[in-house]
Amino acid sequence: MRATAPETTPPSPLTDDLGLPRRGMDTEAIRRSVIEGLIYGVGKDLRTAAPRDWFNAVAVAARDRIVDRWIETSRRYYRADPKRVFYLSLEFLIGRLLTNSLSNLGLVEASRDALAQMGIRLDDVIDQEPDAALGNGGLGRLAACFLDSMATLGLPGYGYGIRYQYGLFEQRFDNGWQIEHPENWLQFGNPWEFPRPEVLYPIRFHGRVEEVRDSVGERAYRWVDTERVLAMAFDTPVVGYGGFTINTLRLWAARATRAFDFGRFNEGDYVKAVEQKTLSENLTRALYPNDATESGKELRLKQEYFFTSASLQDILRRFLQQHSDFNELPDKAAIQLNDTHPAIGIAEMMRLLVDQHTVPWEQAWDITQRTFSYTNHTLLPEALESWPVRVIERVLPRHMQIIYDINGRFLNRVRAHRGGDAGILSKLSLIDEHGDRRVRMGSLAFIGSHKVNGVSGLHTELMKQTVFADLHHEFPDRIVNKTNGITPRRWLHQANPELSALISSRIGKRWLTDLNELAVLKDRVNDVVFCEEFRRAKRANKRRLATYISRHLGIDVSIDSLFDVQVKRMHEYKRQLLNLLQTIALYNDMRDNQTVNWVPVTKIFAGKAAPAYYMAKLIIKLINDVAKVINHDPAVRDLLKVIYIANYNVTSAEVIIPAADLSEQISTAGMEASGTGNMKLALNGALTIGTLDGANVEIKDAVGDDNIFIFGLTADEASQLRAGGGFNPRDVIAANPSLKRALDMIASGVFSPDDPGRFSPIIDVLTNGGDHFLVTADFAAYCEAQEQAMELFRDSEAWTRKAIINTASMGWFSSDRTVADYAAEIWNAIPVPSDPPAQA
């Protein structure tokens, strides 16, 4: 499956009173639209318009050119009645949409010229748009890439998620500590969304279950005395490259069934008058509410069920518009669960089919299994969701009953062919009976789906061997691999226009829809002119990032230094701590050997820690404290800088990633499912330093052993080291003076003189806590790989050749390829081609 790069973009037939296309794609048509938007949409003229007014006017001008094609896409789908793909994800990290929309419509230069005629810079307008706060990390960004690819490939795909009012949080630093603030991205409205107040679904919680008899005397169940909220739809168009297909991201916002109690208000109880509205809308206020408390657990479960139920009701409503036999549902709908957050959808689909549509249980279960598929994103037990039975029984009593029924039937099946071994049954049960009884949501998603996929080759094999080993034995053909991918439109063409232009000048633009085209660039590694232009593009991007750092942090960094970048969610298994320990060791070496001709290095960190994740937040504080010492030490002033960029998001990633020289992918082997940051950085010409973990394995195979810095224990070696019982981090530390010195500096308060014991929990975990993530075990190998990278960086021509090979080798890692594989091998969905574009 391959997208066809358009030669022209379809204009709208609408014209103004002069006969000119109102939705034309030329500079003059856009200029007229922007002025019209300012006057009639914002109520300002060119002289009084503020920067945000210009953004709204340009966004609406772009949106107007999307809507006609969006409606046509919808009509095309209804005419063809294809199998549709519904992608359920708690996160969609879509970033700014103005650049993406203009780029995919081919309107960037026309818009730039139109605004320039009015004395306005397009870049200044773009900077007015906040990032949509709809996700946190790779999970949400993958979902956004998949939506882009589905639209570009012409697949009838729909995203379903939550319209968070505040998203995760805005990260700020107060004396180096992470402080969470509301990310009020909707403060000034959102020109891209279309509210659908007529699309409302009731979502129920609590209550009790009654057993009744149906019309033929069979047992049936009614869920009664429930609390209700309403799910209201907000639609955002998803523009495929070229504008031929415009798909939909539908997000749900919670609304109260009774928003205002007039009686309470008139009695003077103004808080009670709006209490139901407040409580209902809390469901969609923020992403990942802290579930450390019982109320937090309940809110998070409600949030997951809220969007899943609304989405499934919407999917069935859409299906019933054209069909009446539910046996046809698997032929018309593919529902993909992006991780375990929407796994309650298995039980909800059964409830909708059995309770509301009176489909017999066995038939409903067959329909459910053939409709659903599930993507697993983690091997970490704490990230593989499970819910206390008591919480589900209280919040979703009918669903707990259905889960018990699913589990009972499944275990009966196991007994029939494997006997009644209690150990086997305990491992396979959906209910973990140890301690606080819990529902294993990953297992529910697994047995309720016809396919379960990992997101890299290594991750998929480890799924079979570890977290789903027993279920894999029961269903040996169910687990498949679908290595993640990224959209080259966002992560090269838009984020790195200098490199994109260089590539297109040599090989044309087909690579935008077929990333394998980049492979021919390998023939350019000895082209002196091309290599120089490649270096020039990298320096331009480094200069842009250096300016960003200076403006936001007040720190000057040299663009001649090695930009060593680790940007990702803060977690111990991702081992930002390993990077920092090597940084301290390098700092000591530079101070001790000031006559050595050192390669200057700029260490760049970015990423958020979950609000309740104390250790991750403490590591952030340590990084900032180390940065304060190093950045103010005149002995290493021009040699080493440590930067932590706050509030990492898609927009800052688009500045950081194109500037990176070295890509840190140093997770403990066997713990990273895939990673997509590794792909983005390599695509932009960064060399990877990493373990054989996640998609690093496939990146290594793609770029070749000589063009990547691999170090450390493998997944098997790490597992054996822990299992063998012979690993003692104290012995490793004692044998490595550089590591011991770095840890001693942290422990003695060199970086925290105001509180010398501040970082003792970190030291304790590494020395007395068994060092579960094997930071000390991999330290020496990591330092050696760093030395190799710094030595290679001295030779700019050799480094450039390897960087070009990295960029040229990323064809496999396009999300277009990933989505095409899903479509062919899991969803059984095919593109719905558009009509040839009309001419203006």
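## The largest cavity

In this predicted model, 15 residues line the largest cavity, and those nearest its centre are I94, L97, N100, A144 and V238. A cavity here is a set of points on a 1 Å grid over the protein atoms alone where a 1.4 Å probe fits but cannot get out, and lining residues have an atom within 4 Å of a point. Two or more residues of this lining come from each of α3 (98-105), α6 (138-153) and β8 (227-239), where helices (H or I, at least four residues) and strands (E, at least two) are DSSP runs numbered from the N terminus.

The largest cavity holds about 180 Å³ of space, counted as the space filled by probe spheres set on the points, which are joined across faces, edges and corners. Its lining divides into eight nonpolar, four polar and three charged residues; Ala, Val, Leu, Ile, Met, Phe, Trp, Tyr, Cys and Pro count as nonpolar, Asp, Glu, Lys and Arg as charged, and the others, including Gly, as polar.

## The second largest cavity

Of the 18 residues that line the second largest cavity, E129, A132, W185, N190 and W192 are the closest to its centre, while by class the lining has 10 nonpolar, four polar and four charged residues.

## A hairpin and an open sheet

Strands β3 (residues 170-174) and β4 (residues 177-181) pair in the antiparallel sense over five bridges, pairing being assigned if DSSP finds at least two bridges. D174 has W177 of β4 as its bridge partner, and the two strands form a hairpin with two residues between them, where N175 in the turn has a positive phi of about 55 degrees.

Elsewhere, six strands form an open sheet with parallel pairing, in the order β19-β18-β17-β20-β21-β22. Its edge strands, β19 (640-645) and β22 (709-710), each pair on one side only. Within this sheet, β17 (residues 562-567) and β20 (residues 662-665) pair over two bridges, and D564 has L662 in β20 as its bridge partner.

## Helix α13

The buried residues (under 20% relative accessible area, 1.4 Å probe, protein chains only) of helix α13 (residues 361-371) are W361, A364, W365, I367, T368, Q369 and T371. These buried residues pack against α11 (329-332), β10 (333-338), α12 (345-356), β11 (372-375), α15 (397-418) and α17 (441-447), with contact meaning heavy atoms within 4.5 Å.

## Basis of the values

Residues are numbered from 1 along each chain as its sequence is written, and side-chain values use heavy atoms, with hydrogens and water left out. Local features need pLDDT of at least 70 and side-chain atom pairs count only at pLDDT 80 or more, whereas totals for chains, interfaces and linings use all residues.

Note on methods
On a 1 Å grid over the protein atoms alone, a cavity is a set of points where a 1.4 Å probe fits but cannot get out, and a pocket is an open set with protein on both sides within 12 Å along at least five of seven lines; lining residues have an atom within 4 Å of a point. Buried means under 20% relative accessible area, exposed over 50%, partly exposed in between (1.4 Å probe, protein chains only).
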